[in-house]
Amino acid sequence: MYQTSIAKTNVISIDQDRFVWRRIGTAPGTPLVLFNYMMGCMDDWDPALIDRLAEHFSVYLFDSRGVGRSEGTTPASIPQMAEDAWKFLQAMGISHMYLLGFSMGGMVAQAFAAAHPEAVEKLVLAGTGASGAAFQDEHTVPLKENALRAILRHRDPRYYLMFEQTPKGQAAANAFLSRLQTRRHDRDLKIRLTSRTLKAQIKGILAWFSVRIQDPAAISCPTLVLGGERDGMVAVSCARELARLIPGARLKIYPDCGHGFLFQYPEEAAADVTAFLKEQG
């Protein structure tokens with residue numbers, strides 16, 4: 001049984017809105033906070049990844065404003081999402097942290113780390129890009145077409161958007177989506193394709209990539225950038241550029257995988273993140 005599958009859901013009030021959160025693991029030391037991807041709620045993190053991270057850290061998952069079971073209106077701005085995360089962490093009494101942001105969460109993490117450098121000890125940016133970056137290449141997946149494809153075939157959109165349509169990619173997608181079902185009770189609320197939350201997230205992402213909102217050079221903490229070789233959502237060239245622009249950043253590209261590389265290689269990704277965060281000096 002995954003710890004993630006039985007973790008208690010907690011509630012905290014911020015600006016009169018209720019935010020939901022979970023902690024997985026009880027390891028002492030600096031906690032690890034995760035910022036989620038577009039349409040992602042707490043139940044959309046891979047238990048295989050989270051449980052391995054929780055062997056070494058107290059891992060905090062939460063739904064940002066308007067997402068899942070958290071109340072309020074989701075802002076259509078990446079920097080404002082970062083400020084909502086700051087308010088949440090202040091209310092939680094978490095003043096120093098390791099931070100991992102995936103996809104849209106990686107954009108929020110960049111804005112957060114630049115605005116609050118004193119709070120972030122180390123930063124992991126996965127499947128994401130710098131603001132103002134071009135993010136299409138030959139592997140780019142048509143978002144609307146594949147979302148419609150998923151609806152018509154009664155499949156989770158992530159099957160097409162996060163994983164390659166190869167035998168290896170399909171097997172990884174099926175395994176990931178199966179693991180997401182291991183939590184049977186107290187499940188989070190899904191974000192609907194027609195929801196205001198998703199529209200706000202898309203607007204925020206498009207604004208992020210349209211202009212240089214946030215200078216990556218303003219990020220001062222040690223940073224690890226991770227990417228998938230054939231990422232169809234945020235081109236791997238974005239990861240390479242991000243690692244080049246952030247002073248002293250390290251880069252790892254996972255081979256033969258798409259946007260969902262964290263979930264295709266959860267054991268390897270958890271080991272890489274843990275080694276980076278635990279490294280001294």
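Predicted model: local features only at pLDDT ≥ 70, side-chain atom pairs only at ≥ 80, totals over all residues.
Helices here are DSSP runs of H or I with at least four residues, and strands are runs of E with at least two, numbered from the N terminus. The axes of H2, residues 78–92, and H3 come within 8 Å and cross at roughly 70°; they are lines fitted to C-alpha atoms over the stretch in contact, with angles from 0 to 180 degrees between N-to-C directions. H2 and H3 are therefore roughly perpendicular, a label for 65 to 115 degrees.

Who makes the contact, meaning heavy atoms within 4.5 Å? From H2 we have, among them, Ile78, Trp86 and Leu89, and from H3, residues including Met104, Val108 and Phe112.

Residues are numbered from 1 along each chain as its sequence is written, and side-chain values use heavy atoms, leaving out hydrogens and water.

Now, friends, Ser103. Ser103 is found in the loop between strand S5 (97–102) and helix H3 (104–115). Is Ser103 buried or exposed? Ser103 counts as buried, because its relative accessibility is 10%, and buried means under 20% relative accessible area with a 1.4 Å probe, protein chains only. Beyond its neighbours within four places in sequence, Ser103 is in contact with Tyr37, Ala126, Gly127, Thr128 and His259.

Conventions: Buried < 20%, exposed > 50% of the residue type's maximum accessible area, 1.4 Å probe, protein only. Contact = heavy atoms within 4.5 Å. Parallel < 35°, antiparallel > 145°, perpendicular 65-115°, else oblique.
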